[in-house]
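Hi everyone, thanks for making time this morning.

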Amino acid sequence: MLSSAPRLILFAGHAGTGKTSLAKKALPRIAERTGKDFFFLDKDTAYGAFSSHMMGLLTGDPQDRDSPAYLAHIRDQEYAGLIDIVRENLALGVSVILVGPFTREIMSGKFFQPELLGLPATTACRIAWIDLASEEAKRRIMHRADPRDAWKLAHWESYLQRRVEPPVHRHLHRFDNFQFDQQAFDALLADLTN
């Protein structure tokens, strides 16, 4: 088992992969396995209304979450705010389950060295990278019919250019969410809590 230092468990991956649903399913099991309570922080819950308002002012489209304007003016501020909330909780000794793509931060290696994010160096950080083929992700995105996906769907080929393969790292654990597999999920939870 990891030390008694607070933990950060990130559920990351591309849009439509099921990050939030899996994180919510995992939370009680992770709490049971670790004996810790966790603060649950989802990017869309924390910043959905705020970003809608800001994008409405900026571009006239409050549902835009993927255009170059969003990426240039809103994205980094959202993510910095999320990291600030995580930092504050970890400093108070509260473990966190964080949900969001975080592809830039993972690809840069910052989540593998918590101090690069301004987090306590003793933070035990683990990443669950949720995989799903792009065709199936698109089908699920269309099915959920969230207006915030309109730009992404209208510019799908452009969006696909942002779908990256995560780096190989001992603290990053991949989970294929095409068809839920309980045994694989149990193995993921073991990896995230050991």
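Let me start in helix 6, with Arg 139 and Glu 136: they sit three residues apart there, so about one helical turn separates them. In general, an α-helix has 3.6 residues a turn, so residues three or four places apart point the same way. Here the two side chains meet in a salt bridge, at 2.7 Å from N to O. Glu 136 is buried, at 12% relative accessible area, whereas Arg 139 is partly exposed at 48%. Before I go on, please keep in mind that this is a predicted model.

How many salt bridges does the structure hold? The count is 16.

Is Asp 66 buried or exposed? Asp 66 is buried, with a relative accessible area of 5%. Arg 162, for its part, is partly exposed at 30%.

Now look at Arg 144 and Asp 149, whose side chains also form a salt bridge, 2.7 Å from N to O. Asp 149 is buried at 4% relative accessibility, and Arg 144 is partly exposed at 42%. Through shared partners, salt bridges join Asp 66, Arg 144, Asp 149, Lys 152 and Arg 162 into one network.

Leaving aside residues up to four places away in sequence, Leu 71 touches Asp 66, Arg 104 and Arg 162. Leu 71 counts as partly exposed because its relative accessible area is 21%, and the cut-off for buried is under 20%. If you want a sense of distance, Leu 71 and Leu 22 are 49 residues apart in sequence, and their C-alpha atoms are 26 Å apart in space.

Leu 22 takes us over to helix 1, where the buried residues are Lys 19, Leu 22, Ala 23, Ala 26, Ile 30, Ala 31 and Thr 34. What do these buried residues pack against? Their partners are strand 1 (7-13), strand 2 (38-42), strand 3 (95-99), strand 4 (124-131), strand 5 and helix 9 (182-193). Please also find Ala 26 on your screens: helix 1 has a kink of about 35° there, shortly before the proline Pro 28. After helix 1 comes Gly 35, with a positive phi near 70°.

Next, the largest pocket. Rolling a probe the size of a water molecule over the atoms shows where empty space is left. This pocket has a volume of about 790 Å³. It is lined by 33 residues, and those nearest its centre are His 14, Ala 15, Lys 19, Lys 43 and Pro 101. Helix 1 (19-34), helix 2 (43-59), helix 3 (68-73), helix 4 (75-91), helix 5 (103-107) and helix 6 (134-144) each give two or more residues to that lining. By type, the lining holds 10 nonpolar, eight polar and 15 charged residues.

Ser 51 lies in helix 2 and is buried, at 0% relative accessible area. Beyond its sequence neighbours up to four places away, Ser 51 touches Arg 65, Ile 74 and Glu 78. Ser 134 belongs to helix 6 and counts as buried at 17%. Under that sequence limit, its contacts are Trp 156, Leu 160 and Arg 163.

Last, two backbone details in loops. Phe 102 has a phi near 50°, a positive value in a residue that is not glycine. Phe 102 sits in the loop between strand 3 and helix 5, and is buried at 0% relative accessible area. Ala 145 also has a positive phi, of about 50°, without being a glycine. Ala 145 lies in the loop between helix 6 and helix 7 (150-154), and at 60% relative accessibility it counts as exposed.

That's my tour, and I'm happy to go back to any part of it.

Note on methods. Residues numbered from 1 in each chain as written. Predicted model: local features only at pLDDT ≥ 70, side-chain atom pairs only at ≥ 80, totals over all residues. Heavy atoms only, no water. 1 Å grid on protein atoms, 1.4 Å probe; cavity = no way out; pocket = protein on both sides within 12 Å on 5 of 7 lines; lining within 4 Å. Points joined across faces, edges and corners; volume = space filled by probe spheres on them. Helix = DSSP H or I, 4+ residues; strand = E, 2+ residues; numbered from the N terminus. Nonpolar A, V, L, I, M, F, W, Y, C, P; charged D, E, K, R; others polar. Buried < 20%, exposed > 50% of the residue type's maximum accessible area, 1.4 Å probe, protein only. Contact = heavy atoms within 4.5 Å. Salt bridge = Lys/Arg side-chain N within 4 Å of Asp/Glu carboxyl O. Bend = angle between axes of the 7 residues up to and from the residue.
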